[in-house]
Amino acid sequence: MSRLGAAFTTALVIVVGILTVLGLAVGEGLGNLSLIVQTRGLPVITDLFLQVVVVTIATTVIIGIINLLSVHISRITQRKGGWVYSVILVVSALAVMVITLLERAGVLTGRPSLSAILLETVQISIESALAGLVLFALVYGAFRLMRRRVTWWAMLFTLILIILLLGALPLPAVNGLASIRNWLLAVPVSAGARGILLGIALATVVAGVRILIGQDRSYRE
Amino acid sequence: MSTEQIGLWAGFVFTLMIFSYVLGDNFLYRIAVYVFVGLTAGFITVVTVESLLLPWVNGTLLAANTDIGTRAVGLVPFILGALLLLKASPRLGRLGNIAIAFIIGVGTAVALVGAITGTLLPLIATTSSGVRVDVVNGFLIFLGVSSTLIYFWYLGRRTPIGEVRRGLAARVVGVVGQGFIVITLGAIYAGAILTSLTIFSERISFILARITGG
């Protein structure tokens with residue numbers, strides 16, 4: 001029975017995957033293949049598959065948030081360590097939901113809306129402050145790189161880092177560095193980035209084909 | 001004081017609370033982080049329900065003058081979501097594999113088509129056409145791209161003593177590729193520092209503007 005179930009899931013992945021690939025990739029001008037794809041309505045089926053997956057993932061996101069809230073509510077009721085922080089989290093989450101609900105019901109009618117103020121002034125402020133805080137970690141990380149072990153690659157990394165940072169300064173004294181910076185970004189950095197992106201894309205294609213032909217079945221575990 | 005002003009002052013206080021982390025982990029920082037997680041959870045719920053779940057339910061399950069087939073399709077994502085929940089159960093966990101299989105089938109197809117049409121074909125085209133525009137720089141880009149790919153090429157031969165070694169040519173070109181990767185990662189790191197510096201200075205000017213009333 002378990003073998004039958006495993007075979008069914010593999011068959012489902014292959015059928016759904018190949019139908020979706022055909023619906024997405026086969027357009028006009030491919031002769032009989034285009035004709036078959038269009039007449040069988042594969043683009044419509046692919047569109048439906050995509051919608052179903054998106055709504056399924058949305059459902060799992062909601063389940064995840066319900067789980068997050070239930071974990072914190074249980075921390076509050078059991079008075080576990082840090083339960084005060086859980087109160088703050090639950091109140092903030094519920095406040096956003098209740099305020100939005102009241103706005104949609106027409107009870108709160110202020111302009112700009114309270115939910116927009118919460119998003120733009122509180123949420124984005126905290127997000128920006130956290131992103132600004134990353135600066136300290138990045139600078140400390142670069143400092144630690146040279147302190148731990150000096151290698152040729154670490155020296156090249158630090159040299160590039162310094163050239164690019166100094167070259168970004170709008171000062172006449174570092175005009176020469178600015179042109180080196182522009183060349184670095186246009187040639188070696190562009191080449192390395194393309195190589196990395198191509199490597200990721202090739203790995204995605206290999207992994208995708210392995211899944212679609214049933215060679216990789218790790219999702220059944 | 002208007003609601004907007006209260007919001008700005010709240011943003012000011014929360015920014016200071018986050019920056020207090022520079023002095024070490026403390027309860028002010030934690031309060032701000034928990035508020036952030038709570039607000040994010042709330043906004044994600046609102047956006048997910050309003051932009052995805054309600055339009056789907058209204059278009060399928062609750063649609064007027066619709067057939068039983070459309071209503072049945074409307075139930076599918078919720079059944080798949082319920083099956084995913086069963087993954088936590090040791091006895092019924094296998095049923096969750098059906099939902100996983102469906103998501104992986106569609107996800108793999110999207111990733112495959114996206115990687116080919118969105119990354120592979122455009123990047124190969126621009127890299128090969130670059131040589132025609134500027135021979136020296138175009139060749140350097142071609143060398144960088146190919147040597148970077150060879151650096152990630154892990155095929156090798158087993159020597160008589162049992163260790164696996166790559167060929168000499170692959171090793172030499174791989175070192176060149178490693179150099180290009182280090183330069184790229186250095187540039188990404190510098191970009192991250194510049195981005196966070198810009199955001200940090202914006203926050204500092206926001207704090208000063210609040211204090212001086214600007």
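Is Arg79(A) buried or exposed? Arg79(A) is exposed, at 55% relative accessibility (exposed is over 50% relative accessible area, buried under 20%, partly exposed in between, with a 1.4 Å probe and protein chains only).

Quick housekeeping: this is a predicted model, where local features need pLDDT of at least 70 and side-chain atom pairs count only at pLDDT 80 or more, while totals for chains, interfaces and linings use all residues. Residues are numbered from 1 along each chain as written, chains are lettered from A in the order written, and side-chain values use heavy atoms, without hydrogens or water.

Back to Arg79(A): phi there is positive, about 50°, and it isn't a glycine. Asn65(B) also has a positive phi, near 50°, and Asn65(B) is exposed at 83%.

Okay, the interface. We have 100 residues of chain B in contact with 102 of chain A (heavy atoms within 4.5 Å). The two chains bury about 8700 Å² between them, 85% of it on carbon and sulfur atoms; that's the accessible area, 1.4 Å probe, lost on putting the two parts together, summed over both. On the chain B side, Tyr34(B), Phe43(B) and Tyr189(B) lose the most area, together 8% of what that side buries.

As for charges, the count between the chains is one salt bridge (a Lys or Arg side-chain nitrogen within 4 Å of an Asp or Glu carboxyl oxygen). Glu50(B) and Arg104(A) make a salt bridge at 2.3 Å, N to O.
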